[in-house]
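Subject: A structure for you to look through

Hi there,

Here is the structure I promised to pass on to you. Please open it alongside this email, and take your time with it.

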Amino acid sequence: MVVAAGRREAALSLDDSVTAIRGVGPVRSCQLARSGIETVGDLLAHLPSSYQDRRAEVSLAAARGMVDLQVTVAATVNSMRQLWTRRRRLSVLEGVLGGSGDDGLRAIWFQRPHLLRRLEIGTRYRFHGVIRQGRRGVQLVNPEVTDDDLAEARPTAVYGRLGDIPGSFFRRAIGECIDRLGEGAADGRTADPIPASMLRDRSLPVLTEALRSIHRPDPEADLAPFLEQRSPAHQRLIYGELLALQLALGAHRRLHDATPKPHRYVVDEAEHRRIEDSLPFALTAAQRRALQEIFADLERPASMLRLLQGDVGCGKTVVAACAMLAASRNGLQAAFMAPTELLAEQHAASLRSLFGSKHPVELLTGSSPDAGVRERLERGTARLVVGTHALFQAATSFDRLALVVVDEQHRFGVAQRRALWEKGSRPDVLLMTATPIPRSLALVLYGDFDLSMIDELPPGRLPVATEVVPERDRERVLEVLAAELASGGQAFVVFPRIGNAEVSCVVPGAGNLGAALTVAGMGAHYATRLLPVASGVITGRTERTERQRLIGQFLSGEIRLLIATTVIEVGIDLPAATVMVVESAERFGLSQLHQLRGRVGRGRGRGRCYLIHGELAEDARLRLAALEDNHDGFAIAEADLLQRGPGDLLGSRQAGAADLRHAHLVRDLGWVQAAREDARRCLERERDPAYRLLFDEVKRRSTRFEVDANEPGLARSSSAS
Ligand code: ADP
Ligand code: MG
């Protein structure tokens with residue numbers, strides 16, 4: 001920690017390897033590389049977890065009253081001893097600070113055995129940690145320790161441990177970098193890649209200033225914005241990484257647009273009208289707008305990259321169907337990929353009824369691997385096909401595949417989607433989401449796609465009345481269900497599924513008292529209770545023919561209760577259903593529940609949804625209750641994003657978002673938008689020398705934000721591979 005006096009260190013630049021830092025040898029640099037830290041810039045991106053603030057130093061007496069708060073105290077170590085937990089695996093150190101017995105403050109450290117050697121009895125140090133109420137009174141838990149005489153009278157950054165690397169390493173190494181960076185800035189090697197004018201427009205500090213103020217705040221700095229990561233310095237980092245990502249996506253899109261597709265459509269106004277007039281209902285204004293955007297794309301020389309978003313039940317399928325019809329009428333082939341067989345079968349049926357016999361629709365799924373279909377697709381005699389992943393298997397090839405529609409795209413992996421569009425030559429691509437994706441996330445993950453939004457439901461739809469019901473009140477739900485069925489209604493009961501296992505539920509009073517039942521058992525329980533209404537059970541294991549028979553019977557009203565696992569989760573469109581009961585609702589995500597309840601109330605009559613749950617913590621109960629009042633899929637998706645992070649919400653396409661170190665996709669929506677606008681402007685000025693550093697930086701960082709030319713629009717993380 002003591003700087004060798006008189007020795008002048010060479011200036012560091014952000015691009016320098018970490019090995020330029022004193023004391024970083026092969027072992028340490030290996031450890032750092034494992035955490036993705038290779039350069040000084042990477043190291044400085046490891047931000048403090050908190051700050052020690054001498055100005056906030058409190059007396060021992062005051063500290064004792066500050067339970068659950070961060071405190072800094074200066075005190076003498078009176079005693080230290082090593083405790084071991086019962087299994088002797090966990091090292092626990094206990095120290096008494098300042099005073100003896102009851103006058104002192106107990107400090108406790110887990111897994112820091114080295115402190116026993118480092119801390120000298122009778123010496124004064126500064127301790128920074130959280131006060132907790134323990135069984136033996138208040139104690140200071142895992143405090144950071146600094147030498148009292150070395151601590152400056154300014155806030156000091158505290159770093160968390162990263163893998164094998166202790167926080168103390170970061171404090172020392174980053175401190176050195178900050179010292180040596182000062183000189184680097186002057187020689188131009190550490191100039192901010194973002195042009196000064198852009199930073200000025202956004203009122204942001206230059207990079208080195210931002211890093212310096214985060215790692216070594218000014219003596220008079222207010223720390224609250226630092227701790228909440230909303231200081232201008234933090235915002236510079238957030239903006240910087242979002243700008244780099246948007247530039248990479250924008251550059252990729254530009255490359256994409258420069259290469260024309262081999263096929264041509266004619267979708268003029270007359271053709272558009274003919275297609276719309278063939279539908280059994282009038283499109284909503286929002287559907288028509290989306291369709292116009294799609295048709296305009298189809299006519300362009302470059303192939304379409306478009307994401308179609310809209311809340312459950314807004315009618316995305318029919319919009320995609322119109323695009324497919326346009327392809328077919330232009331003599332081109334179109335493929336519609338759905339995530340489940342059930343959904344593919346249903347889409348095929350509804351497209352067939354929309355298009356009639358003039359534009360036949362083929363079906364290709366794993367359990368209907370019809371060689372005839374494959375042959376017709378290959379020869380081009382079949383133009384329209386709906387299917388599952390069977391569509392992109394090696395055995396399937398197309399004559400002139402021009403349009404690819406992917407429904408519920410988050411269910412497919414990267415490789416699966418890519419395999420499908422590689423079956424065509426630069427096909428037009430339309431992705432559809434199951435539930436809406438928050439705008440910030442869409443701009444990050446689909447930044448190179450155009451967005452179409454359907455923000456309107458077909459006329460006459462009422463929001464699904466939703467009620468959260470604890471397990472003990474299930475009898476009431478059964479009564480409602482019985483009454484609904486008795487008056488001729490139709491209903492779903494849905495069970496969660498985890499992996500391949502069908503989850504069992506505990507139903508008090510069902511069969512043996514309180515027995516755990518499988519879905520089949522629960523189905524039988526419902527079916528018996530609700531006799532004489534005919535019911536059917538569909539699980540992931542139900543055979544295709546059996547499943548089709550049950551769906552057919554449900555559509556015709558022959559059976560009126562469908563008991564199912566989440567195979568019916570997405571997309572299923574059985575308009576007569578009015579009531580949905582979800583079992584073990586706490587096992588579902590909010591967006592998923594919103595998606596599920598969207599299955600009812602699609603025809604006449606208001607839909608009702610009951611969310612039955614088992615034991616719940618209060619926050620989980622509130623989370624479910626949010627669905628009672630909230631019917632806006634976008635708001636729900638945002639709440640989901642806030643709670644579960646982007647991974648769960650998006651499945652496989654999360655790589656780009658996972659690479660964001662500083663930006664937070666809910667908090668930083670404003671910066672996402674700003675970065676997108678600015679990226680667009682930058683791309684127009686790429687040849688301007690003022691932007692050279694910025695584009696170099698984007699290229700250099702392309703290992704992190706690699707955009708794969710083979711997949712339209714995927715910002716892929718190569719560091720993850
Ligand atoms: P989602 O957007 O959730 O995929 P769907 O495409 O399944 O929704 O459509 C929901 C239901 O609304 C379907 O039964 C569909 O036929 C119907 N629908 C779609 N558009 C309209 C419209 N403009 N007017 C009336 N009904 C419509
Ligand atoms: Mg759908």
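Below is what was found in it, starting with the whole chain and moving on to single residues.

This is a predicted model, in which local features need pLDDT of at least 70, side-chain atom pairs count only at pLDDT 80 or more, and totals for chains, interfaces and linings use all residues. Residues are numbered from 1 along each chain as its sequence is written, chains are lettered from A and ligands numbered from 1 in the order in which they are written, and side-chain values use heavy atoms, with hydrogens and water left out.

**The whole chain**

The protein chain has 25 helices and 26 strands. Here helices (H or I, at least four residues) and strands (E, at least two) are DSSP runs, numbered from the N terminus. Of the 721 residues in the protein chain, 53% are buried. Buried means under 20% relative accessible area, exposed means over 50%, and partly exposed is in between (1.4 Å probe, protein chains only). The protein chain exposes about 31500 Å², and carbon and sulfur atoms supply 50% of that area. Accessible areas come from the Shrake-Rupley method with a 1.4 Å probe, and for residues only the protein chains shown count as cover.

A contact means heavy atoms within 4.5 Å.

**Around ligand 1**

Which residues are closest to ligand 1? They are Ala282, Gly313, Thr317, Arg461 and Asp573, out of 15 residues that surround the ligand. A residue is near a molecule or strand if one of its heavy atoms lies within 4 Å of it. The shell around ligand 1 divides into 6 nonpolar, 5 polar and 4 charged residues.

Some side chains make polar contacts with the ligand. A polar contact is a pair of N or O atoms within 3.5 Å; within protein, one must be able to donate a hydrogen and the other to accept it, and residues adjacent in sequence count only if both atoms are side-chain atoms. The side chain of glutamine 287 has an N or O atom 2.9 Å from a nitrogen atom of ligand 1. Threonine 317 places a polar side-chain atom 2.7 Å from an oxygen atom of ligand 1, and an N or O atom in the side chain of arginine 461 is 2.7 Å from an oxygen atom of ligand 1. On its own, ligand 1 has 570 Å² of accessible area, and the protein covers 84% of it.

Alanine 286 lies in helix α11 (residues 285–299) and counts as buried because its relative accessibility is 0%. Leaving aside neighbours within four places in sequence, alanine 286 is in contact with Met453, Ile454, Asp455 and Glu456.

Arginine 180 is part of helix α5 (residues 167–186), and at 7% relative accessibility arginine 180 is buried. A polar atom of its side chain lies 3.3 Å from the backbone oxygen of alanine 20.

Threonine 578 sits in strand β23 (residues 577–582) and is buried at 10% relative accessibility. Its side chain makes a polar contact of 2.6 Å with the side chain of glutamate 484.

Isoleucine 559 is in the loop between α19 (544–556) and β22 (561–565). Is isoleucine 559 buried or exposed? It is buried, because its relative accessibility is 6%. The C-alpha atoms of isoleucine 559 and serine 535 are 5.2 Å apart, although the two residues are 24 apart along the chain.

Helix α20 (residues 590–597) is mostly covered, with 7 of its 8 residues buried.

**Two loop residues**

Aspartate 68, in the loop between α3 (60–64) and β2 (70–84), is not a glycine but has a positive phi of about 70 degrees. Glutamine 229, in the loop between α8 (224–227) and α9 (232–258), is not a glycine either, and has a positive phi of about 55 degrees. Aspartate 68 is partly exposed at 47%, and glutamine 229 is partly exposed at 33%.

Enjoy exploring!

Note on methods
Nonpolar A, V, L, I, M, F, W, Y, C, P; charged D, E, K, R; others polar.
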